[in-house]
Amino acid sequence: MTDTPAPRPFRLALLGGGTVGAAVARRLLQHGETYAALLGRPLVLTGVAVRDASRVRDGIPAELLTTDAAALAAEADVVVEVMGGLEPAGTLIEAALRRGAQVVTANKQLIARRGEELHAVAREHGGGLHYEAAVMAAVPVLSGVRESLAGDEITAVRGIVNGSTNYVLDLVAREGVAFSDAVRQAGELGYLEADPTEDLEGLDAAAKIAILARTAWGVPAPLGDVEVTGISGLTDEDFAAAEGRGEVVKLVASAERDDQGVVRAAVLPLSLPAADPLAQVRGGTNVVEIDAVLAGPVRLTGAGAGGDQTASAVLGDVVRAARAR
Ligand SMILES: NC(=O)c1ccc[n+]([C@@H]2O[C@H](COP(=O)([O-])OP(=O)(O)OC[C@H]3O[C@@H](n4cnc5c(N)ncnc54)[C@H](OP(=O)(O)O)[C@@H]3O)[C@@H](O)[C@H]2O)c1
């Protein structure tokens with residue numbers, strides 16, 4: 001009788017050890033047996049690429065840290081990119097796909113700009129590109145439209161997909177805080193980045209709706225074609241006028257496909273009737289409403305950001321990637 005050889009471990013390289021990367025690393029290190037059982041072989045975190053490897057990171061052993069992201073990624077079965085930014089993330093992802101690796105990313109700006117092209121590279125070389133975390137973090141909206149609603153016909157999607165701006169708008173509407181004070185408070189509480197442009201100008205939401213539209217209809221949805229107006233131009237008079245009409249101002253991302261198959265996407269501040277489900281979304285919560293011919297309206301809601309919440313989606317993609325391989 002011969003012994004069955006032990007299954008080869010599935011090697012995971014983590015590019016980024018910040019808010020999301022640290023949450024992913026902690027979960028993998030603390031629950032290794034769970035992932036081994038899910039995959040039928042051990043899942044090994046081979047390293048974590050960061051800019052500053054001398055900084056102590058809670059829950060990540062120092063020996064796993066490296067500043068050489070390219071060398072780390074070159075040896076992995078799955079490359080998880082959570083460093084953000086277009087470069088070097090784009091080059092690292094493309095290199096991994098060119099050698100047939102599986103790639104998981106949470107990088108909405110990169111996928112909104114280069115998703116088509118990177119998918120083509122993955123197809124050509126037998127790899128896989130997964131990015132559930134890029135849109136609404138743990139809320140499974142991309143797999144929902146791509147898989148669960150695949151046999152239906154989606155006609156429109158609309159939602160609140162940027163929690164930072166919703167937090168600001170909610171403070172104004174519910175607490176009567178002046179708009180400029182609400183922006184300042186959101187910054188102090190960490191709801192807005194040090195540079196809040198991407199959120200306030202609607203660029204974060206635009207990237208998400210472009211990815212969602214392409215996933216829903218399988219056609220290119222160029223980021224440059226999304227009509228975008230952020231909330232930075234709103235005034236206290238706009239909010240007072242909406243309140244006077246019994247309405248609530250929300251930053252709404254939407255996309256629809258017309259009879260000719262043309263997809264149109266937009267991110268706009270809209271004044272919604274108070275009874276609209278989108279008008280009732282509180283704080284940093286996200287929601288998306290998908291209209292499909294057979295299903296009717298389907299609504300998904302939850303935390304659209306946060307380390308653990310985004311790690312949930314990243315790890316779901318890791319399991320999917322490992323099974324695909
Ligand atoms: N945070 C969320 O709630 C959330 C939600 C959904 C999607 N995302 C996406 O997830 C990604 C990561 O976000 P995050 O909030 O975790 O960012 P973060 O906290 O700023 O972390 C970025 C990490 O990447 C590392 N890094 C950056 N550039 C690098 C480079 N050139 N070489 C090596 N390491 C580099 C940083 O190293 P140092 O630590 O040494 O600086 C840091 O560990 C972004 O694409 C973001 O859009 C985030």
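Which residue in E12 is the bridge partner of Asp291? I looked it up: Pro297.

Ground rules first. I'm working on a predicted model, so I keep in mind that local features need pLDDT of at least 70, side-chain atom pairs count only at pLDDT 80 or more, and totals for chains, interfaces and linings use all residues. Residues are numbered from 1 along each chain as its sequence is written, and side-chain values use heavy atoms, with hydrogens and water left out.

**Strands.** I took helices (H or I, at least four residues) and strands (E, at least two) as DSSP runs, numbered from the N terminus. Strands pair if DSSP finds at least two bridges between them. E11 (residues 285–292) runs antiparallel to E12 (residues 296–303), with eight bridges joining them. Six of the eight residues in E11 are buried (under 20% relative accessible area; exposed is over 50%, partly exposed in between; 1.4 Å probe, protein chains only).

**Rings.** I count two aromatic pairs (Phe, Tyr or Trp rings, the six-membered one for Trp, with centres within 6.5 Å; planes under 30 degrees apart are stacked, over 60 edge-to-face, the rest tilted). Tyr167 and Tyr191 are stacked, at 3.7 Å centre to centre and 10° between the planes. Tyr167 sits in helix H7 and Tyr191 in the loop between H8 and H9, so this pair ties together parts 24 residues apart in sequence. I have Tyr167 as buried at 14% and Tyr191 as partly exposed at 35%. Phe179 and Phe239 are tilted, at 5.5 Å and 35°, and both are buried.
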